[in-house]
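Welcome to my notebook. I opened a new structure today and wrote down what I looked up, one topic at a time.

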Amino acid sequence: MNSFLNLENIEDIRALAQAGLDLKNNSGLANKPGLGKVLTCLFLNPSLRTRLSTEIAATNLGMHCINLSTDSAWKLEMKPGAKMDGGTAEHIQEQAMVLSQYSDIIAIRAFPELKDPNQDYTNDFISQFAKYASKPIVNLESGSLHPLQGLADLMTILEKKQQEKPKIVLSWAPHPRQLPQSVANSFSQTIQKAGFDLTICCPEGMELSEKYNGNAKVSHSQEEAFQNADFIYVKNWSSYHNYGATLQEESWMITKDKMDLTNNGKFMHCLPVRRNVVVEDAVIDSPNSIIDVQVQNRVFAAQSVLKSILEH
Ligand code: CP
């Protein structure tokens, strides 16, 4: 693997997930292809899980990991050809060159602005940075995707499924803030690329883009979609079709009554999660909640990807 920006060039996503699970079963302590190598992680937005799991993954591979956040970098200019006589001190072109000189792999988190889908889906910060960088890039969540989360979630389903073809449901849930579609897009893409059927359950108007919906069945009723489900993956996202619009639908919170419709289904969420808004305590604290396994698998998803890049 060269870079890990999206899943489009991953030929066998199940093999990449299985490599992560093999690392997990060996306590992460494989050979150290990263000895003497540097991973620089640039975070333009907050993170708990992605930051920690990526740093642990790099350490397990023998790499040295440097984390940079916006307060440790100059204010960036993004426009090509800009006359930089205002508030921006450094162009993304130089930032990408500098990080490429100091790093063997560069990982970036840059959330979307949720104003223009073309900007967020095709010309976001990571895409622009990648044009100027000369080292492999790892997506730690971009304008439209969170592929490391998707890979960890696939690993979790492979680890926990009881049958070959479990019923997997991605359900929208309410949230007071405007959130990206990235996690939902990556979950849908990863699960379908791995050969599973997916049902996406959301209020009307909150459907994902055609590209990321793929062949998923769309339902506008949780009561219908949850019937006999083996996995309920929960996430809020803002509208793609009325780009960035939010919806307050408290009745879409995940409750024990809804989970009782499932086939003793497992509850999944990428975190952070707002308790008793997105999901009630009785569900997230139940034995069927596997959020801790998802969290564990973030380390080995990142390790699987970094190892594949180092060995390329
Ligand atoms: N799930 C996830 O990406 O968590 P963080 O935003 O804390 O990294």
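This is a predicted model: local features need pLDDT of at least 70, side-chain atom pairs count only at pLDDT 80 or more; totals for chains, interfaces and linings use all residues.

**Entry 1: a bridge from Glu159**

I looked up Glu159 and found that it forms a salt bridge with Lys24, where the closest N and O atoms are 3.0 Å apart. For my own reference, a salt bridge is a side-chain nitrogen of Lys or Arg within 4 Å of a carboxyl oxygen of Asp or Glu. Residues are numbered from 1 along each chain as its sequence is written, and side-chain values use heavy atoms, with hydrogens and water left out.

**Entry 2: the two domains**

Next I looked up the domains. The assignment gives domain 1 (13–145 + 297–310) and domain 2 (149–295); such bounds come from an automatic or database domain assignment. I noted 26 Å between the centres of domain 1 and domain 2, taken over C-alpha atoms.

How many residues of domain 1 are in contact with domain 2? I found 26 residues of domain 1 in contact with 32 residues of domain 2, where contact means heavy atoms within 4.5 Å. The size of an interface is often given as the accessible area lost when the parts come together. Here domain 1 and domain 2 bury about 2,500 Å² between them, with 63% of it on carbon and sulfur atoms. This buried area is the accessible area (1.4 Å probe) that two parts lose on being put together, summed over both.

Between domain 1 and domain 2 I counted one salt bridge. I also found 15 residue pairs in polar contact between domain 1 and domain 2, both residues being at pLDDT 80 or more. A polar contact is a pair of N or O atoms within 3.5 Å; within protein, one must be able to donate a hydrogen and the other to accept it, and residues adjacent in sequence count only if both atoms are side-chain atoms.

Which elements give two or more residues to the side of domain 1 that touches domain 2? They are α1 (13–25), α4 (117–122) and α12. Of these, α1 gives the most, with seven residues. My labels follow DSSP runs numbered from the N terminus: helices are H or I with at least four residues, strands are E with at least two.

A search of the whole structure gave me eight salt bridges. Side chains of opposite charge can pair when their charged atoms come close. One of the pairs is Asp285 with Arg275, whose closest N and O atoms are 2.9 Å apart. This pair links distant parts of the chain: Asp285 sits in the loop between α11 (281–284) and α12 (291–310), and Arg275 in the loop between β11 (266–268) and α11, ten residues apart. I also saw that Arg275, Asp281 and Asp285 are linked in a network of salt bridges.

Is Asp285 buried or exposed? Asp285 counts as exposed at 52% relative accessibility, and Arg275 as partly exposed at 42%. The cut-offs are under 20% relative accessible area for buried, over 50% for exposed, and partly exposed in between (1.4 Å probe, protein chains only).

Two further pairs went into my list. Glu164 is exposed at 57%, whereas Lys161 is partly exposed at 21%.

**Entry 3: two buried residues**

I found Ile105 in strand β5 (residues 105–109), buried at 1% relative accessibility. The C-alpha atoms of Ile105 and Leu39 are separated by 4.9 Å, though these residues are 66 apart along the chain. Beyond its neighbours within four places in sequence, Ile105 is in contact with several residues, including Met63, Val138 and Leu306.

Ser100 lies in helix α3 (residues 92–102) and is buried too, at 2%. Leaving aside neighbours within four places in sequence, I found Ser100 in contact with Ile106, Ala133, Ser134 and Lys135.

**Entry 4: backbone notes**

The peptide bond from Leu271 to Pro272 is cis, with omega near 5°, and Pro272 is in the loop between β11 and α11. Glu141 has a phi near 125°, a positive value in a residue other than glycine. I placed Glu141 in the loop between β6 (137–139) and α6 (147–160), and it counts as buried at 8%.
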